[in-house]
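Welcome, and please get your viewer ready.

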Amino acid sequence: MLENLLIGFSSSLSLTNLLYCLFGVTVGTAVGVLPGLGPVSSIALLLPFTYKIEVLPAIIMLAGIYYGVQYGGTMTSILVNIPGEASTVVTCIDGYQMARKGRAGAALGIAAFGSFIAGTFGIVVLMLLAPPLAKAALMMGPPEYTALMITGLTLVIYLSSKSMIKSLMMGVLGLLLGTVGMDPVSGQLRFTLGSGALMDGVDLALVAMGLFGLAEALALIGGESSSREMVKSQRLKEILPSREDWKISSLPIARGSVAGFLMGVLPGGGAVMASFISYAMERRFSKSRERFGQGAIEGVAGPESANNAAAVGAFVPLLTLGIPANVVMALLIGAFMIHGVNPGPLLLKDNPALFWGIITSMYIGNFLLLILNVPLIGLFVRILKVPYPILGPIITIFCFIGAYSINHNASGILIVIVFGVVGYLMRYFEYDPAPLVLAIVLGPLMENSLRQSLMLFRGDVSQVIHRPIALVLLGIAGFLLVSPLLSRWLRVGFSKPLIEK
């Protein structure tokens, strides 16, 4: 292992590769800050430029963009409640509330350090356990993925900070919105209302910008006159996480790192689902769940660790089996093939310098991201000194620019406006946006795997009993839905209705 690490560092620490790594993580951070861009579009734009350079610096640069986005998206999520990247949507829930209480620096700091720790953990596990983990991921078929999606959605609904009935309603609405667009089997258009912009479905980035960003702007415009009280100090030492913050966040970072990495290994899991599952876990393990949604630092530490660990975990099936876990990994396979290299089982044997160079460069990239982000926390926090009547319109313009940049169509702005109004009304009537967002993410994935399962079983759903992993996951989902009713029955018996408003 030490010999392999020496081979990797000797490649990744060359001046050329260091510069490409720095360029990649810097671009990734910038892309994460700008809502609507995302790693897919930025990597696709830079892919043609890799023709002229060697394969190792090309992959180092593109990989740096991917995990750098996870860092950048955190900034706008915490400071102005606009998720720069889909995987940082859940960070808005508690991160922005921390900012409103004058703790934006602590939130940004714990997110940066947690991301670095999780990324480092993921890289170490990638070095040690990549082949067996990749083989384990192959045991998951369509039925198991269907059950996993159902369990993930049920977990978020079960642990919602609002009414469970309202959360179920939001989950169902999200699943319905997930059916908009082209049918994955027949290719027919569904519920597009004649709009070409909806052919690929309702874009999660547009929904998130509306529900969180524009809804917040509407609230700010009619709210207080100044946000200066949100910034208590400008000294870096005083705005970084305290010893108490670290004590509270240490276990969430550890749990988020493990859960995120495992979700990253699974094709279709990814950083978005990892962050939601981590948030749900932290609410479950917390002794004071009422703090979540009000500025709980573990609600930032866990998900931010999870999405970075998931970004590293996605490289396991790519490098060991040549299987892309998500769209970004598919683009990276394209980058490999441009240079005549096939990622997979023979990569480690035929080209060890490339394999270990990529892995060690990820550690260097995470360290560079920490250096880039932590010293600038004090500067980022100063954004909160902008008065509310000015900050609200700025957020609105930022949302509209991000919406237009996704498909260069004004329909994206209209979608953001619609969900902005919906988000504002959800605040007023106390509906939780988290189940809605996660259902939009999981809906198409769950539909696709469910239909594959039905074709596999030839329509006989009872065949799921022969799939133990799927059966266990469905059992967990069923228990999570029934347990609130059972616990209430045990407390009050039949003297009161089981379901209350």
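## Stop 1: a side chain that reaches back

Start with Asn366, where a polar atom of the side chain lies 2.8 Å from the backbone oxygen of Met362. A polar contact here is a pair of N or O atoms within 3.5 Å; within protein, one must be able to donate a hydrogen and the other to accept it, and residues adjacent in sequence count only if both atoms are side-chain atoms.

Before you go further, a word on what you are looking at: this is a predicted model, in which local features need pLDDT of at least 70, side-chain atom pairs count only at pLDDT 80 or more, and totals for chains, interfaces and linings use all residues. Residues are numbered from 1 along each chain as its sequence is written, and side-chain values use heavy atoms, with hydrogens and water left out.

Now colour helix 17, residues 352–373, which holds Asn366. Helices (H or I, at least four residues) and strands (E, at least two) are DSSP runs, numbered from the N terminus. Is Asn366 buried or exposed? Asn366 counts as buried because its relative accessibility is 2%. Buried means under 20% relative accessible area, exposed over 50%, and partly exposed in between (1.4 Å probe, protein chains only).

Show the surroundings of Asn366 next. Leaving aside residues up to four places away in sequence, Asn366 touches Tyr67, Tyr71, Ser115, Phe116, Gly119 and Ile123. Contact means heavy atoms within 4.5 Å.

## Stop 2: the rings

Rings of Phe, Tyr and Trp (its six-membered ring) pair if their centres lie within 6.5 Å; planes under 30 degrees apart count as stacked, over 60 as edge-to-face and the rest as tilted. How many aromatic pairs does this rule give? The count is eight.

One of these is the tilted pair of Tyr66 and Phe315, at 6.4 Å centre to centre with 55° between the planes. This pair joins distant parts of the chain, with Tyr66 in helix 4 (residues 55–80) and Phe315 in helix 14 (residues 315–321), 249 residues apart. Both partners are hidden: Tyr66 is buried at 5% relative accessible area, and Phe315 is buried at 1%.

For another arrangement, select Tyr428 and Phe429. Their ring centres are 5.0 Å apart and their planes are at 90°, so the pair is edge-to-face. Tyr428 is exposed, with a relative accessible area of 65%, while Phe429 is partly exposed at 48%.

Then pick Tyr431 and look for Lys166, which lies over the face of the ring at 5.0 Å from its centre. A charge sits over a ring if NZ of Lys or CZ of Arg is within 6 Å of the ring centre and within 35 degrees of the ring normal.

## Stop 3: two bent helices

Return to helix 4 and follow it along its axis. Helix 4 bends by about 30° at Gly68, where the bend is the angle between axes fitted to the seven residues ending there and the seven starting there. Of its 26 residues, 26 are buried, so helix 4 is largely enclosed by the rest of the structure. Just after helix 4, Asn81 has a positive phi of about 65°.

Helix 21 bends by about 40° at Leu442, and Pro444 follows within four residues. Just beyond helix 21, Arg458 takes a positive phi of about 55°.

## Stop 4: neighbours from elsewhere in the chain

Which residues meet Thr146, not counting those up to four places away in sequence? Thr146 touches Met446, Ser449, Leu450 and Ser453. Thr146 sits in helix 7 (residues 142–158) and is buried at 8% relative accessibility.

Move to Leu175 in helix 8, residues 164–178. Leu175 is partly exposed at 26% relative accessibility, and its contacts beyond four places in sequence are Leu153, Ala439, Gly443 and Met446.

## Last stop: zoom out

Finally, show the whole protein chain, with its 22 helices and two strands. Buried residues make up 54% of its 501 residues. Among contacts between residues at least 6 apart in sequence, 78% join residues at least 24 apart.
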